[in-house]
Number of protein chains: 2
Amino acid sequence: MIFERVFPALSWLKNYNKVQFGQDATAAFIVTMLLIPQSLAYAMLAGVPPEVGLYSSILPLVLYAIFGTSTSLSVGPVAVASLMTATALAAIAEQGTASYLTGAITLALLSGAMLVVMGVMKLGMITNLLSHSVISGFISASGIIIALSQLKHIFGIQSHGDNVVTQLLSMIKNIGQFNLMTFVVGASVVLFLLLARRYAKRFFIMLKVPETYASSLAKTAPILGVLSSLGLVYAFDLQAYGVNITGNIPAGLPHLSLTFPSLELVKTLALPALMISVIGYVESISVGKTLGAKRGEKVQPNQELIGLGAANIASGISGGFPVTGGFSRSVVNFDAGAVTQLAGIMTALGIMIASVVLTPVLFFLPKATLAATIIVAVTTLIDFSILKKTWIFSRSDFYAVLATIIITLLLGVEVGVASGVGLSILLHLSRTSKPHVAEVGLIEGTEHFRNVKRYNVKISPNLLCLRPDESLFFVNAAFLEDFILDCINKRQDITNVVIQCSAVNEIDFSALEMLESLNNQLSALHITLSLSEVKGPVMDRLELSGFLQHLSGKVYLSQYKAFKILSEM
Amino acid sequence: MIFERVFPALSWLKNYNKVQFGQDATAAFIVTMLLIPQSLAYAMLAGVPPEVGLYSSILPLVLYAIFGTSTSLSVGPVAVASLMTATALAAIAEQGTASYLTGAITLALLSGAMLVVMGVMKLGMITNLLSHSVISGFISASGIIIALSQLKHIFGIQSHGDNVVTQLLSMIKNIGQFNLMTFVVGASVVLFLLLARRYAKRFFIMLKVPETYASSLAKTAPILGVLSSLGLVYAFDLQAYGVNITGNIPAGLPHLSLTFPSLELVKTLALPALMISVIGYVESISVGKTLGAKRGEKVQPNQELIGLGAANIASGISGGFPVTGGFSRSVVNFDAGAVTQLAGIMTALGIMIASVVLTPVLFFLPKATLAATIIVAVTTLIDFSILKKTWIFSRSDFYAVLATIIITLLLGVEVGVASGVGLSILLHLSRTSKPHVAEVGLIEGTEHFRNVKRYNVKISPNLLCLRPDESLFFVNAAFLEDFILDCINKRQDITNVVIQCSAVNEIDFSALEMLESLNNQLSALHITLSLSEVKGPVMDRLELSGFLQHLSGKVYLSQYKAFKILSEM
């Protein structure tokens with residue numbers, strides 16, 4: 001059904017039943033409890049007002065539920081995309097200004113549009129071109145940057161900086177502003193959250209909560225941290241002791257409006273929006289795939305692009321910033337038993353209620369609490385075991401990951417992503433630029449040819465038979481040319497060269513030019529060049545190009561035939 | 001000998017003789033005649049004073065003679081690098097200002113330093129990553145931009161523009177400034193040069209000049225155009241009719257000085273300098289290789305980087321702009337019989353003499369003559385047959401070339417190069433992201449396995465045997481995973497999967513993660529995953545990584561063994 005392909009929601013709506021509703025509602029309740037503090041905190045990280053975080057957690061969830069394909073993915077503000085948003089906007093406006101907010105909305109709209117276009121063009125495969133290890137190095141480094149950027153809220157000091165070094169120096173310089181009461185609040189929440197992560201599940205089990213819910217309930221500790229710390233501020237007037245609070249958050253629902261950004265702004269934010277889209281999508285699809293695999297459920301990459309794209313456009317229209325599927329939240333959603341995307345719609349409903357009812361209460365919420373929530377959340381992102389694993393497994397992967405981490409820490413997320421992608425592509429190119437080329441000889445008594453280094457085979461002194469184990473492209477064409485010329489330099493009595501093309505699935509135009517030039521160079525040395533076992537499609541193209549008319553040798557159907565004829569010459 | 005590796009000049013100096021001297025001197029004389037007008041013309045194209053063109057043709061030639069490895073390459077100002085110089089400097093200063101000249105010198109120094117570093121680090125291979133067809137499309141498009149930019153000098157009008165469209169519009173707008181006498185001079189020189197290209201060789205042969213020299217002498221037509229047109233201007237006072245002339249060129253030799261550019265300037269010019277270096281090197285090495293092949297002489301890529309780098313640093317120190325090996329000039333040098341790099345040193349001497357003696361005469365040289373020289377020279381660069389050839393041979397190459405040409409024409413050389421390189425890499429990645437994967441079966445009566453689509457082989461319904469014909473990397477890992485899961489979806493009775501790794505030379509970390517995730521997903525479906533014929537180095541790494549401990553199946557030494565055991569299960 002075409003309708004079900006475009007609106008995956010139709011397929012689960014058809015057979016929806018009460019049991020599923022109960023499961024989805026429970027998951028939605030727990031995720032809402034988790035999403036409220038996260039929305040506020042990531043809004044602070046992105047540098048936008050707190051209500052914008054809530055707005056980004058309403059409509060986007062509904063749109064993803066309609067267009068997305070994962071039953072467990074929980075869409076909304078996430079740490080890395082929020083950091084990237086702040087980085088992109090730092091260049092164009094001051095936090096707190098109207099143009100900063102316009103920038104955030106533009107980023108959401110742009111990245112939404114880009115994702116939808118990529119989805120419609122079925123470009124989901126493009127993200128395969130990113131190396132997982134490099135991405136995970138990037139995310140760990142981002143986690144450090146995020147945690148460090150939030151420490152100032154825990155200490156109650158000011159600090160600014162483009163990278164971890166300047167950030168640290170600025171904090172040391174301003175350490176005189178240290179506020180004890182802020183630190184007590186922030187540090188207590190950090191401690192509480194860390195203890196909760198460790199012991200809360202056991203605690204709920206002690207309270208006879210069924211085990212499946214206990215672990216999910218344990219994850220809602222942040223909302224308890226939020227409520228109790230704002231209670232303390234209110235009760236003991238901690239503001240008077242210098243504790244920064246969130247202040248007035250306008251109660252109510254987002255106003256929908258689509259304002260087309262200026263061309264100037266689009267130009268400035270296009271590249272950052274692309275990076276946010278791609279990184280967000282990669283994070284999201286890997287969460288969706290991992291959780292989907294546990295249920296034997298298949299996530300459709302191109303439809304996911306459309307789902308996330310629609311969510312981001314919805315975020316932009318409702319005054320929000322870029323969103324994507326978050327790892328920890330999706331795991332909670334999955335564990336808490338969400339079975340369809342209706343869980344997401346109910347979560348959106350929960351956040352809507354919170355936006356109306358809860359916002360007056362959040363006036364007294366200490367910023368240190370939000371910072372503590374962020375810091376504890378991102379510790380799960382920071383995982384340098386990738387360095388150890390790649391060191392053992394592949395030294396070149398290791399260097400790529402290490403360079404990405406260092407560059408991200410020192411030069412920021414944008415340069416970090418770009419260099420990570422660039423490095424992994426360069427490494428891949430340099431690896432493929434040296435294809436395996438075997439000199440082959442005849443296994444006597446058969447018509448088979450094998451590598452002379454590994455088999456006891458018959459060769460002919462005047463004949464050089466080579467088998468490149470790769471298609472011929474511009475990246476490896478020069479290597480093959482040099483390889484053949486080197487062989488000829490070493491063995492003076494060669495009069496014929498045969499390239500066995502059994503592994504050559506394709507020849508691009510640069511490789512064709514190389515073959516033409518090789519043919520000319522060999523002719524000048526009175527050596528013929530022949531090909532054998534050329535595959536059908538490659539042969540068709542060689543014929544069209546006119547190359548075969550200039551070829552000094554012939555094209556042989558089999559390497560055996562070439563060997564028999566040329567070695568008897 | 002290490003000395004000879006660092007100073008390739010030593011190897012030809014040792015056995016230098018009279019006959020060689022005669023040949024080199026003749027070639028030097030002819031190349032000097034060609035280089036004088038080219039130096040002046042490309043200086044005009046680059047937007048620097050004419051004497052700077054001459055300075056760029058003295059010391060750089062000497063340094064290349066010492067460090068370079070090609071006996072035929074003629075180093076100096078060339079068309080494309082001059083255009084790129086003008087483009088890079090347009091952003092930072094007005095032509096004719098001191099800071100514009102400082103910029104040109106900085107470009108030469110930077111690109112020299114980059115080339116030397118690349119040479120010392122033996123990065124010559126990097127240029128293999130550029131697709132030849134894309135580069136040739138870029139050079140053709142640059143030829144058009146150059147020719148168009150010179151037309152204003154022929155018409156005697158002003159024009160400005162970032163791309164061919166604005167350039168054309170600006171010319172149309174200013175066509176009222178059209179100066180008839182300028183046009184007569186310019187058009188006559190164009191005509192003369194085109195006729196000379198066609199008939200001059202025959203003419204010299206008629207005069208009993210030996211054929212080898214006739215074709216070289218024919219190439220010196222530009223100097224005749226220069227001398228006769230400046231003679232006409234002087235004799236008939238054409239200035240009075242509005243013909244623009246070169247004016248005062250300070251006579252004398254360049255002053256050597258090394259001024260370190262500001263960090264700000266280095267930052268701005270680093271990327272353009274890199275592009276100029278890479279494009280210049282690619283042009284140069286391909287000329288060197290082509291001519292070298294005719295004499296069975298091998299050009300050393302890394303030493304060439306050092307040679308060209310030294311030449312550019314020398315150009316910067318003597319107040320010049322970026323230089324490289326030019327195609328037409330090198331062919332003349334080769335045809336005229338240059339046998340060692342001493343020809344280059346003697347050419348430098350010729351230009352030195354011209355700088356001192358000839359400059360007063362050049363006062364009356366019409367700019368239209370220089371423009372005519374450039375236009376006729378670049379027509380040899382413009383060759384769109386690449387479009388036809390790639391259209392026939394490989395559609396994806398065709399689109400990459402076409403896009404590069406259009407982007408270069410519309411957005412300029414810098415964006416053009418960058419997109420060309422980016423496009424060819426993307427195309428390559430997307431091609432390698434879908435490796436050939438064959439389902440294999442047993443050829444009965446043997447232990448060989450072949451593609452089920454091409455051979456009549458035995459397969460077992462519960463066993464899926466796949467042979468990926470490529471190493472496993474991040475670019476193709478996801479494809480293989482999807483391929484296997486699709487096969488399993490289609491054939492419900494599969495209980496065992498075997499990946500035959502006979503063509504897998506390497507597995508990177510992303511591919512390892514994919515195998516781990518695949519193993520988990522198959523386990524959840526109660527399907528085992530096994531490997532067969534894993535190569536030694538790959539096996540060592542898999543063992544280190546701990547992957548084999550989680551593998552649900554086994555690693556079999558041969559595909560036959562795997563088949564025998566698993567199909568009997």
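**Group meeting: the contact between chains A and B**

Good morning. I begin with the contact in this predicted model, to which chain A gives 42 residues and chain B gives 43 residues. On the side of chain A that touches chain B, the elements of chain A that supply two or more residues are helix 8 (132-155), helix 18 (385-393), helix 20 (413-432), helix 21 (474-490), helix 22 (509-524) and helix 23 (536-545). Which of these gives the largest share? Helix 22 of chain A does, with seven residues. Sorted by class, this side of chain A holds 18 nonpolar, 17 polar and seven charged residues.

Let me turn to chain A as a whole. Chain A is built with 25 helices and eight strands. Along the principal axes, its C-alpha atoms fill a box of roughly 100 × 60 × 55 Å. Chain A has 569 residues, and 53% of them count as buried. If we take the contacts in chain A between residues at least 6 apart in sequence, 80% join residues at least 24 apart.

Finally, I come to the interior. In soluble globular proteins, nonpolar side chains tend to be buried together. In this model, the largest nonpolar core has 348 residues. Which residues have the most contacts inside that core? They are Leu45, Ala79 and Ile374 of chain A, together with Leu45, Ala79 and Ile374 of chain B. I take A:Ala79 as an example: leaving aside residues up to four places away in sequence, A:Ala79 touches A:Tyr42, A:Leu45, A:Ile146, A:Ile374, A:Ala377, A:Val378 and A:Leu381. Two of these partners, A:Leu45 and A:Ile374, are themselves among the residues with the most contacts inside the core.

Thank you for your attention.

Conventions
Residues numbered from 1 in each chain as written. Chains lettered and ligands numbered in written order. Predicted model: local features only at pLDDT ≥ 70, side-chain atom pairs only at ≥ 80, totals over all residues. Core = buried A, V, L, I, M, F, W, Y, C linked by C-beta atoms within 7 Å. Buried ≥ 20, exposed ≤ 12 C-beta atoms within 10 Å, placed from the backbone. Contact = placed C-beta atoms within 7 Å. Helix = DSSP H or I, 4+ residues; strand = E, 2+ residues; numbered from the N terminus. Nonpolar A, V, L, I, M, F, W, Y, C, P; charged D, E, K, R; others polar.
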